[in-house]
Amino acid sequence: MDLLIKGGRVIDPAQQIDEKLDIRITDGKIKELGKKLAADKSCEVIDAKGLIVTPGLIDMHVHLRDPGLEYKEDIVTGTRAAAAGGFTSVVCMPNTKPVNDNKAITTYIIAKAKAEGLVNVFPVGTITQGMKSENLAEMGDLKEAGCVAVSDDGRPVTNPELMRRALEYAKGMAIPLISHAEDLGLAGDGQMNDGFTATELGLKGIPWVAEDAATARDVYLAEFTNSPIHIAHVSTKGAVRIIRDAKARGVQVTCETAPHYFTLTEDAVRGYNTNAKMNPPLRTGEDVAAIKAGLADGTIDAIATDHAPHHSDEKDLEFALAANGIIGLETALPLALTLVEEKVLDLSALVAKLCLNPARILKLGRGTLEPGAVADITIIEPDRKWTVEAAKLASKSKNSPFLGMTMKGQSAYTIVGGKIVHKNQ
Amino acid sequence: MAFKHKDILGLQDLTAEEIELLLNTADNMKEISKREVKKVPTLRGKTVVNLFFEPSTRTRTSFEIAAKRLSADTLNISASTSAVQKGETLSDTAWNIEAMKPDIIVMRHGISGAHHYLAQRVSYSVINAGDGAHEHPSQGLLDMMTMREKFGTLQGLKVAIVGDITHSRVARSNIYGLTKMGANVSLAGPPTLIPPGAERLGNVTVCNRMQEAVEGADVIMMLRIQLERQGKTLLPTMREYSRYFGLSADVVKMAKPGVLVMHPGPMNRGVEISSDVADGENSVILEQVENGVAVRMSMLYHVSGGGPTE
């Protein structure tokens with residue numbers, strides 16, 4: 001069935017479009033964009049007046065926990081949360097149980113997502129077998145099976161020689177490599193950002209240099225091997241500077257940050273709030289300012305959630321025992337929209353970081369509304385106010401530091417391949 | 001004034017007036033321990049549970065004696081005999097105890113913030129007997145009580161705290177309490193044992209040399225050094241630590257005459273403090289222990305809502 005989206009403000013960075021247009025969708029693809037397109041009788045019409053129409057949002061960093069950790073999340077609930085949050089595609093990290101270091105797991109994820117998922121699921125395979133930093137994973141096989149990148153996310157590749165070879169090998173297989181940049185020796189068993197707040201709370205700190213030193217190592221290895229690298233979840237001032245400098249001298253480095261790193265500081269941990277515990281940890285106000293500056297000047301290419309569901313049994317604990325990570329799929333869009341309100345980014349630049357750039361980094365062939373493209377579309381109601389309530393979240397886990405907060409902006413319609421998978425009531 | 005808190009989780013949460021109230025009451029409580037019949041009926045019919053997840057002799061015994069002198073019923077649960085060994089969570093343990101209707105839980109726990117976690121989930125009062133590297137408020141109060149007894153006031157006192165500040169809940173509670181009461185605190189230790197931003201914890205000066213902190217001090221407080229720290233990344237050897245940060249009679253001479261030498265115990269004699277100093281005329285280490293009982297009586301009394309002590 002055809003779909004006609006009428007009267008919305010269409011933003012498509014790939015075509016440099018920001019104007020009121022109608023969009024016609026036929027057979028799951030974008031047919032045409034234009035003014036006052038006519039609806040024929042078999043066509044479903046969405047009135048998008050006052051709404052923003054963008055290419056479907058792509059979250060290039062989520063944990064769906066499927067297979068093996070389905071008590072936290074699974075492909076059904078995770079993609080439902082994505083659809084509710086306005087994401088038409090999610091890229092899922094391989095630290096499942098067992099880890100996605102072989103074709104069988106990749107095939108399972110893709111098959112289950114196809115059968116039961118609400119949005120597109122693109123799996124990431126591991127860099128090393130078992131994420132053990134000992135031997136390279138079968139990246140060629142993983143790519144053939146459908147992995148769009150490799151990463152040992154959750155852990156760094158600890159051996160620098162192995163990381164060098166991983167970059168070379170991944171380049172040969174033409175599969176993007178995503179680095180979790182953390183020096184485990186420096187991070188130790190830290191529980192929050194190292195600094196005055198940690199001192200006051202008597203918690204062991206994770207110093208910024210644990211991220212900066214690892215980011216520098218991996219950026220240098222990418223430069224040395226002349227290979228592309230993508231740095232995940234950038235949280236520090238220093239990492240932004242390292243990546244900015246590397247880009248300036250032509251290193252093929254891209255990076256992402258997460259909404260919590262430009263929204264919250266380490267102060268959110270006060271009161272021993274385990275929903276403010278994640279890795280990398282929430283940093284200082286200075287880091288938040290540097291992340292925003294990095295988003296504004298293009299150093300940071302993408303916004304990804306690092307959606308990390310955990311069961312309440314793993315969070316409702318003494319701080320040191322609680323798991324790292326927070327969910328993010330359903331709160332990312334309104335948090336990202338605050339960047340427009342604060343004039344850090346214009347709407348078009350923001351949309352690019354939420355769809356076009358991730359699509360380009362991972363070569364997904366999506367992220368645009370060009371005629372002929374797959375009709376993945378997000379229709380945003382920018383002024384809608386809503387409160388984050390655990391009971392209303394689609395995700396199986398409720399570990400969000402934003403519970404109880406009022407958000408502005410939400411997906412009105414999430415459309416995947418021309419099909420409405422989420423409609424806000 | 002009345003004490004308005006259900007719990008005592010740390011001295012950071014208390015005002016100078018509240019700390020003064022606790023200390024004043026402790027001064028009165030001390031007299032009870034000197035009577036022939038060392039008991040008042042203040043907490044008769046109340047149940048005080050000592051829940052200790054870390055080994056402790058001094059603090060646990062002191063809280064138990066304090067509760068008994070106020071006529072409370074007490075019982076002790078230690079981690080080695082508790083269900084924690086079987087994997088029970090802290091909240092399950094806490095709720096099971098709650099079902100037995102206690103009035104006050106005195107808890108020691110190895111994780112910073114464990115008491116905040118507990119206090120948010122139970123209706124009874126929680127007194128922190130030490131949480132991780134965070135706070136040890138009864139120790140801070142008994143140290144302040146001891147200083148106040150000798151000097152009459154805490155205002156303007158120069159207090160040197162020497163040793164492993166990073167891992168010390170005793171240091172934090174003393175820093176919060178003393179600086180609120182107008183004392184000047186100097187911290188000394190190797191930079192590997194001074195936590196980031198320590199100078200912002202209150203009116204605090206950080207020194208890398210022990211002598212700088214001790215010079216002209218009214219009080220020298222030595223912290224226990226964990227012997228396990230040597231040979232890892234933080235310290236080379238106990239020998240070198242002792243040479244630079246151990247309290248000897250020569251270092252004591254740099255302080256004011258009549259300086260008080262304190263230690264929260266248990267001491268490593270010959271490491272952070274030499275025996276001649278620990279047992280010498282400036283040492284008030286055993287008076288600290290005596291005051292510990294009075295301070296804990298005061299804490300138990302105030303979280304129970306106060307009222308007449310006789």
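I began with chain B, where four strands make an open sheet in the order E2-E1-E3-E4, with parallel pairing. I looked up which strands sit at the edges: they are strand E2 (73-78) and strand E4 (125-131) of chain B, each pairing on one side only. From one strand to the next the twist averages 15°. For angles, I noted that axes are lines fitted to C-alpha atoms, for helices over the stretch in contact, and that angles run from 0 to 180 degrees between N-to-C directions.

I also wrote down my terms. Helices (H or I, at least four residues) and strands (E, at least two) are DSSP runs, numbered from the N terminus. Two strands pair if DSSP finds at least two bridges between them.

Before going on, a reminder to myself: this is a predicted model, in which local features need pLDDT of at least 70 and side-chain atom pairs count only at pLDDT 80 or more, while totals for chains, interfaces and linings use all residues. Residues are numbered from 1 along each chain as its sequence is written, chains are lettered from A and ligands numbered from 1 in the order in which they are written, and side-chain values use heavy atoms, with hydrogens and water left out.

Then I picked one pair of strands. Strand E1 (residues 47-52) of chain B pairs with E2(B) in the parallel sense over six bridges. Which residue of E2(B) is the bridge partner of Val49(B)? I found Leu75(B) there.

**Entry 2, the sheet of chain A.** Chain A has an open sheet of eight strands in the order E6-E7-E8-E9-E10-E13-E14-E15, and the pairing is parallel. E6 and strand E15 (302-303) of chain A stand at the edges with a single partner strand each, so one side of each has no neighbour in the sheet. At the E15 end, strand E14 (residues 253-257) of chain A pairs with E15(A) in the parallel sense over two bridges. I found Glu256(A) opposite Ala302(A) in E15(A).

I followed a helix here too. Helix H8 (residues 237-248) of chain A lies across strand E13 (229-231) and E14 of chain A, and runs at about 150° to E14(A).

Next I looked at strand E5 (residues 52-55) of chain A, which is joined to strand E1 (residues 3-12) of chain A by two bridges, the two running parallel. Val10(A) has Val53(A) as its bridge partner in E5(A). E5(A) also runs antiparallel to strand E16 (residues 377-387) of chain A, with four bridges between them. There Thr54(A) has Thr378(A) as its bridge partner.

The peptide bond from Asp66(A) to Pro67(A) is cis, with omega near 10°, and Pro67(A) is in the loop between strand E6 (57-62) and helix H1 (75-85) of chain A. Lys97(A) and Pro98(A) are also joined by a cis peptide bond, with omega about 0°. Pro98(A) lies in the loop between strand E7 (87-92) and helix H2 (103-116) of chain A. Ser133(A) is not a glycine, yet its phi is positive, at about 60°. I placed Ser133(A) in the loop between strand E8 (120-125) and helix H3 (139-145) of chain A.

How many residues does each chain bring to the contact? I got 16 residues from chain A and 22 residues from chain B, taking contact as heavy atoms within 4.5 Å. The area buried between chain A and chain B is about 1,500 Å², and carbon and sulfur atoms give 57% of it. Buried area here is the accessible area (1.4 Å probe) that two parts lose on being put together, summed over both.

I then looked for a salt bridge, meaning a side-chain nitrogen of Lys or Arg within 4 Å of a carboxyl oxygen of Asp or Glu. The rule finds one across this interface. Asp316(A) forms a salt bridge with Arg121(B), with 2.8 Å between the closest N and O atoms.
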